[in-house]
Amino acid sequence: MPAPPAFHDLVDRLDHAVLVVTAGAGGERSGCLVGFHTECSMDPPRYLVCISQENHTFVVAARSTHLAVHVLDRADAFLARLFGGRTGDDVDKFAACDWRDHHGVPVLDGAAGWFVGRVHERIALGDHVGHLLEPVDAEVAGAVEPLAYGQVKAMPPGHPA
Ligand SMILES: Cc1cc2nc3c(=O)[nH]c(=O)nc-3n(C[C@H](O)[C@H](O)[C@H](O)COP(=O)(O)O)c2cc1C
């Protein structure tokens, strides 16, 4: 059943942060920009990130034991354009940015903050799959003004949804 038109209008006004989620498995790496995400439990600490089944990232994330979740600074949209506006089907995003390995997943040097989560559970959520993460490692560099959805929502996604 289609959603009431005002639903999209309302949800579009929720100007939350967008994140870059990266995955790594069997020597393969992938990552995409994610707007569907939330902290969802305090005790135990859990974070949910939702990845479209159409994305290149989905295939690698399905085999990853961990995922890295990056907060970008609002002054730095380069990583958002790279990870949200291009697809790993066509380009190697990791050749275009600096990163290092943590727990088998690529952590991006250009991010203002990040955490790595162990994939605790995968949950079917319509056309996206929720990856429920248990945070195991994290770093944040001083004050961060997170890049917001409203700043990038007009960007065409690199992969058709
Ligand atoms: C503002 C914005 C929010 C997005 N949110 C999500 C999301 O929550 N989950 C997702 O899987 N893709 C999301 N995307 C789409 C992917 O980031 C995009 O299609 C990306 O190019 C996919 O790359 P990949 O094929 O290498 O995985 C979003 C894109 C934009 C521009």
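Is Gly-26 buried or exposed? Gly-26 is exposed, with a relative accessible area of 83%. The views below come from a predicted model, in which local features need pLDDT of at least 70, side-chain atom pairs count only at pLDDT 80 or more, and totals for chains, interfaces and linings use all residues. Residues are numbered from 1 along each chain as its sequence is written, and side-chain values use heavy atoms, leaving out hydrogens and water.

**View A. Gly-26 sits in the loop between β1 (19-25) and β2 (28-34).** Helices (H or I, at least four residues) and strands (E, at least two) are DSSP runs, numbered from the N terminus. Exposed means over 50% relative accessible area, buried under 20%, and partly exposed in between (1.4 Å probe, protein chains only). For a sense of distance, the C-alpha atoms of Gly-26 and Met-155 are 31 Å apart, with 129 residues separating the two along the chain.

**View B. Ser-64 is buried, at 3% relative accessibility.** Look for Ser-64 in the loop between α2 (56-61) and β5 (66-71). Leaving aside residues up to four places away in sequence, Ser-64 touches Ala-23, Gly-24, Ala-25, Val-119 and Arg-122, where contact means heavy atoms within 4.5 Å. A polar atom of the Ser-64 side chain also lies 2.9 Å from the backbone oxygen of Val-60.

**View C. β6 and β7 form a hairpin with two residues between them.** Strand β6 (residues 99-102) pairs with strand β7 (residues 105-108) in the antiparallel sense over four bridges; pairing requires that DSSP finds at least two bridges. Trp-99 stands opposite Leu-108 in β7. In the turn, His-103 has a positive phi of about 55°.

Conventions. Polar contact = N/O pair within 3.5 Å; in protein donor to acceptor, adjacent residues only side chain to side chain.
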